[in-house]
Amino acid sequence: MSLVHLANVCSHLNNATRARLSLTSIPSTKLHLNLCLALQNAGLISSIVRAGPEPPQSHVLLGTPLVEEIEPVTQGNVASRRLWVGLKYWQNESVLGKITLISKPKRRVIIGVEGLRDVIRGHRSESVAGLRSPGENLFLSTDRGIMEARECVEKKIGGLVLCRVE
Amino acid sequence: MNVSRPARCVFCSFSRAAAPGARVPRRQFHLSPVHWAESKAPKAGVRGPEGKTLKQITQNMKEGDFKAYTSEEKEALAKHYTPEQLAAIETGEAAISPQDLAEQFAIRKDQMKLRYLDDLSVIEPGVDKHIRAPESNSDPHARLKTEEELLEDFSRFFAEMPPDATAVDWVRFAENMRVTVGKEESELNPHSVLIPSLFAPGESLSQDPQPEKAATKLENKPQESEEAMEALKRLRLATGYSTAQIRGLKLKTLVQHSVVNQTRLGKVRRMYCLSIAGNGNGLLGIGEAKSEEATDASMQSIHRAIRNMQPITRYENRTIYGDVKGKVGAVELTLMTRPPGFGLRCQHLIFEMCRAAGIHDLAARVTRSRNPMNTVKAAYQALMAQRNPEDVARARGKKLVDVRKVYYAGRT
């Protein structure tokens, strides 16, 4: 799990949303894919597709990537794969907003259920600030996959705090 | 046949205080205090002028309470109805026995009931249609009396004045004197084409009209300069507010200092003003202006603030949604949402803004620079930067449900 790459991904997504891009690509890793799936689950991004160096073909009207056209991943082409992230905008504002890394490559932040309960109620827990604004999300890497803070509390599991979306 | 007078009076006293539907105190899902109407005036204990409850009136209704029309009432009806209509009315009255009426008397509870208790004998503004004077009352040839004609009236009054005249005679003369020539009704009860505003100045539902009081208030006001009146007129045109509405706004000049423009000819000093305007109920605007004179700059900035008023998103009409940040120049600040009863714990500039906007619970922290002008601008930016949860949910394609609006029939 490289948090250096994750930091780059967060910065890249911020830059892409500020540039109002509709589609962008990030390096293909399992961590990035799972985080993007969690983001998609929260409704923050529209699509996530693993494709080649060229952007995947999209539907003429819907603009969604055509999954049938995508080349399957093989041992030969796995090194050239990229994750293509569809970004969302609403009322001239980026839906993703600002995404910031909490754990740093030099200092990983791990939080338990007790601390997480405080955080989702809006209180600070050690170095993790509370979720106080509407629509604020915190994503954690747990032993049951990457999920949102509230889901973690539901399932009573803690984990490594990855990033916060405002 | 009409309901006897005492019962009718009791209903009149209820007609305005009645709440739509039954309200029962329940546990709240938010912390804001809820003022129950019942706590002020418990329904069961409400006593009419005669000390009777609604239930007692319903139970004690007797046959004798419903009386037939008296001969005077019949005469009065004859003025409005034709003999055939009168005959129909009498037949209808005779068809229902007073015993039935007394037995079946009840306050309606069905779907089509009126949402307020009323015996419909009084015209209420806002609920009932306005009664207009007939069009024939207007007189296109009416004109104001000339000085000579008025003088004639006065001389006639003095000539016909009894020897032991009192102030009462004078008042009667002053009240009855007409100032126009033409049809009498056109002056005293003119036909109105438009529906007049609900309340005249100084008039309210509970109070009788008190125009005298309002008039003295206007007279006591200091006369404003012509320029100011002109500016106010333009503001009214631009915003659509009436003068009374503009006077009701919360206005304040927060920042005032002189600025200097260096030219070849020397320094040109001018006054700078930054003002806020709010209605105390969710609207807030800021305006800035420069002028040679401080009063002029202040007035201009206030008028610009009124023009710039925009709705501020508020949570439960008392605080803001979440924590918001603002940054203008080197001023960085955070406005933080707070629970009910917390108050406005922030510096004076932000306090004034919140008061004008109608925010009652808020904390603020101004970091880095604390320049007053930029603080106000940054606070306004932060207030406008709030995100509405409904919009967030819509953008993410999520369904958002406010549980306070779902449980207990949406009564919070």
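**Helix packing and the sheet**

Reply: Helix 11 of chain B and helix 13 of chain B are roughly parallel to each other, because angles under 35 degrees count as roughly parallel. Helices here are DSSP runs (H or I, at least four residues), strands are E runs of at least two, and both are numbered from the N terminus. It's a predicted model, where local features need pLDDT of at least 70, side-chain atom pairs count only at pLDDT 80 or more, and totals for chains, interfaces and linings use all residues. Residues are numbered from 1 along each chain as its sequence is written, with chains lettered from A and ligands numbered from 1 in the order in which they are written.

Me: At what angle do helix 11 and helix 13 of chain B pack?

Reply: Axes are lines fitted to C-alpha atoms, for helices over the stretch in contact, and angles run from 0 to 180 degrees between N-to-C directions. The axes of helix 11 (residues 226-239) and helix 13 (residues 294-307) of chain B sit 10 Å apart, and the angle is about 10°.

Me: Which strands of chain A stand at the edges of the sheet?

Reply: The open sheet in chain A has three strands in the order 1-3-2, with antiparallel pairing (a pair needs at least two DSSP bridges). Each edge strand has a single partner, so one side is left without a neighbour in the sheet; they're strand 1 (23-27) and strand 2 (45-51) of chain A.

Me: Which residue is the bridge partner of Ser47(A)?

Reply: Strand 2 and strand 3 (residues 82-87) of chain A run antiparallel, joined by six bridges. In strand 3 of chain A, the partner of Ser47(A) is Gly86(A).

Key. Parallel < 35°, antiparallel > 145°, perpendicular 65-115°, else oblique.
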